[in-house]
Amino acid sequence: MSKIGFIGLGIMGGPMAANLVAAGHEVAGYNRSRAKVDQLVADGGTAASSVAEAVAGAEVVFTMLPDSPDVEAVVLGEDGVLAHAQRGALLVDCSTIRPDTARRVAEAAAQREVRALDAPVSGGEPKAIDGTLSIMVGGAADAFAAAEDVLGAVGATIVHVGPAGAGQTVKAANQLIVAGNIGLLAEALVFLEAHGVDTEAGLDVLGGGLAGSSVLNAKGAKMRDREFGPGFRLELHHKDMGIVQAAAREAGLTAPLGTLVAQLVAASVAQGDGALDHSALLKQITQLNGRS
Ligand code: NAD
């Protein structure tokens, strides 16, 4: 069993840390807002009051933070993870960040003899709670092998996809696919409603055919009922579409459908819906059609 420091106990990090505790690991958690730390203590973990305290003596350090600047501050900062991690420790960053930032973090970690992995996840809050996330891992093969046991406590599909940054590149592709799926599901719902079709029956049969998807299974009924509590906030998906677009440009690529859905996500955020679940893209499609 490992001694683990876990930083960032939000919608995803909270249940992931709890699953590590449930698997028998010793988990010290730190979060900017204290209530999340208290929840981890209630789940059997211990409280850390700083990054330094969470990292002290840890064999594995997890980070699950919103965005690239957060990871840079927490990991590379003056009083950050690398300033306090012990030699040989594993740093597993599960946040969704820019691939180039992940590579920079890995290089800085190597200089401190810390083995870094970018290990972004997919599956949302339900799979974080069940411990069945899909985890796409970038980094050295020996670091991946060393992390497989702890990752097994939070994920069901855990794949080493390449060197540092590769996990984030695959996650960007994931976010492109999910955003496009949600956009089309929203258009289909508005279409069915406009034709007066029973949308419960419609989604049911669509889910059994080629139009079926994990997005439809996870989001369809909630979208039909206009339940937009997060889940995965639109503002985070907006951040991810920025990552997709920058990485596509870097490779000299165009992603026309992704660009269109990125604009729709951006409009939803600009209109004040950033704190809603990404399925609230349906509000945007509904408005564009002059419906309510
Ligand atoms: P969240 O905002 O719920 O959690 C982030 C946590 O980090 C918060 O509790 C916040 O207080 C804490 N935090 C921020 N800065 C900090 C700092 N400097 N020090 C300590 N704690 C700090 O976000 P989330 O939904 O859990 O997402 C986290 C990451 O996972 C994001 O990169 C997101 O894109 C990705 N992700 C989210 C989902 C989802 O469904 N929510 C799914 C897959 C991936």
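The shell around the ligand is made up of 11 nonpolar, eight polar and six charged residues. In this classification Ala, Val, Leu, Ile, Met, Phe, Trp, Tyr, Cys and Pro count as nonpolar, Asp, Glu, Lys and Arg as charged, and the others, Gly among them, as polar. The model is predicted: local features need pLDDT of at least 70, side-chain atom pairs count only at pLDDT 80 or more, and totals for chains, interfaces and linings use all residues. Residues are numbered from 1 along each chain as its sequence is written, and side-chain values use heavy atoms, with hydrogens and water left out.

**Ligand**

Of the 25 residues around the ligand, those that come nearest are Ile11, Met12, Asn31, Pro66 and Lys239 (a residue is near if one of its heavy atoms lies within 4 Å of the molecule). Domain 1 (3–163) and domain 2 (169–288) each give at least three residues to this shell; the domain bounds come from an automatic or database domain assignment.

| Residue | Protein atom | Distance to a ligand oxygen |
|---|---|---|
| Leu65 | polar backbone atom | 3.0 Å |
| Thr96 | polar backbone atom | 3.0 Å |
| Lys239 | side-chain N or O atom | 2.8 Å |

On its own the ligand has 830 Å² of accessible area, of which the protein covers 92% (Shrake-Rupley method, 1.4 Å probe). Helix 7 (124–130) and helix 12 (234–250) are the elements that give two or more residues to the shell. Helices (H or I, at least four residues) and strands (E, at least two) are DSSP runs, numbered from the N terminus.

**Pocket and cavity**

Both are found on a 1 Å grid over the protein atoms alone: a cavity is a set of points where a 1.4 Å probe fits but cannot get out, a pocket is an open set with protein on both sides within 12 Å along at least five of seven lines, and lining residues have an atom within 4 Å of a point. A volume is the space filled by probe spheres set on the points.

The second largest pocket holds about 240 Å³ of space. Helix 13 (256–273) and helix 9 (166–194) are the elements that give two or more residues to its lining, and helix 13 provides the largest share, six residues. Eight lining residues are nonpolar, three polar and one charged.

The largest cavity has a volume of about 60 Å³. Its lining includes Leu91, Asp93, Val105 and Asp118, and at least two lining residues come from each of strand 5 (90–93), helix 6 (99–111) and strand 6 (115–118).

Technical notes
Polar contact = N/O pair within 3.5 Å; in protein donor to acceptor, adjacent residues only side chain to side chain.
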